[in-house]
Amino acid sequence: MRTELVTTLKRKATELLAELARNREPILITQHGLPSAYLVDVESYEKLRSRMALLEGIARGERAVEEGRVLSNAQAEARMQRWLK
């Protein structure tokens, strides 16, 4: 992963964005020598958000199972009937 200063981002934003679109490698932006932000292309960001939503859904499902909030197949089908009509 490439690291750039925030001043480089200010001066060369167009170039950095073009490079980001080309190679889709995130760029770490630092300010005063400390990590400040990641610059990522739109497609990678959207994929990341989608993956996070999926993982959060799986985690909610695992918690529901641990807490005993589950339905049998027949119960689930009965509840789904209102949407399946």
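**A threonine and its surroundings**

Modeller: Thr-8 is buried, with a relative accessible area of 11%; buried stands for under 20% relative accessible area, exposed for over 50%, and partly exposed for what falls in between, using a 1.4 Å probe and protein chains only. Before going further, a word on the model: it is predicted, local features need pLDDT of at least 70, side-chain atom pairs count only at pLDDT 80 or more, and totals for chains, interfaces and linings use all residues. Residues are numbered from 1 along each chain as its sequence is written, while side-chain values use heavy atoms, with hydrogens and water left out.

Thr-8 sits in helix α1, residues 6-11. Helices here are DSSP runs of H or I with at least four residues, strands are runs of E with at least two, and both are numbered from the N terminus. Setting aside residues up to four places away in sequence, Thr-8 touches Ala-13 and Leu-16, where contact means heavy atoms within 4.5 Å.

Leu-16 takes us to the nonpolar core. The largest one has 5 residues: Leu-16, Leu-20, Ile-27, Ile-29 and Leu-39. Such a core is a set of buried Ala, Val, Leu, Ile, Met, Phe, Trp, Tyr and Cys residues joined through side-chain atoms within 4.5 Å. Helix α2 and strand β2 each supply at least two residues of this core. In soluble globular proteins, nonpolar side chains tend to be buried together. Leu-39 touches Leu-9, Leu-17, Leu-20, Pro-26, Ile-27 and Ile-29, again not counting residues up to four places away in sequence.

Now to the sheet. It is open, with 3 strands in the order β1-β2-β3 and mixed pairing; two strands pair if DSSP finds at least two bridges between them. The edge strands, each pairing on one side only, are β1 (2-5) and β3 (34-39). From one strand to the next the twist averages 35°, with axes as lines fitted to C-alpha atoms, for helices over the stretch in contact, and angles from 0 to 180 degrees between N-to-C directions. Helix α2, residues 13-23, lies across β1, β2 and β3 and runs at about 165° to β1.

Strand β2 is mostly covered, as 4 of its 5 residues are buried. With β1 it pairs in the parallel sense over 4 bridges, and the bridge partner of Thr-3 in β2 is Leu-28. On the β3 side, β2 (residues 27-31) pairs in the antiparallel sense over 5 bridges, and there Leu-28 stands opposite Tyr-38. The hairpin of β2 and β3 has 2 residues between the strands, and in it His-32 takes a positive phi near 55°.

Leu-5 lies in β1 and is partly exposed, at 47% relative accessible area. Leaving aside neighbours within four places in sequence, Leu-5 is in contact with Ile-29 and Thr-30. Leu-5 and Ile-58 are 53 residues apart in sequence and 37 Å apart in space, C-alpha to C-alpha.

Finally, the charged pairs. The whole structure holds 6 salt bridges, each a side-chain nitrogen of Lys or Arg within 4 Å of a carboxyl oxygen of Asp or Glu. In one of these, Glu-19 pairs with Arg-2, the closest N and O atoms being 2.3 Å apart. This pair links distant parts of the chain, with Glu-19 in helix α2 and Arg-2 in strand β1, 17 residues apart. Glu-19 is partly exposed at 21%, and Arg-2 is partly exposed at 26%.

Arg-24 and Asp-41 also meet in a salt bridge through their side chains, at 3.3 Å from N to O. Arg-24 lies in the loop between α2 and β2 and Asp-41 in the loop between β3 and α3 (42-66), so the pair ties together parts that are 17 residues apart in sequence. Arg-24 is partly exposed, with 43% relative accessible area, whereas Asp-41 is buried at 8%.

The side chains of Arg-69 and Glu-67 form a salt bridge as well, at 2.8 Å from N to O. Arg-69 is exposed at 52%, and Glu-67 is exposed at 53%. Elsewhere, salt bridges that share partners join Arg-24, Asp-41, Glu-43 and Lys-47 into one network.
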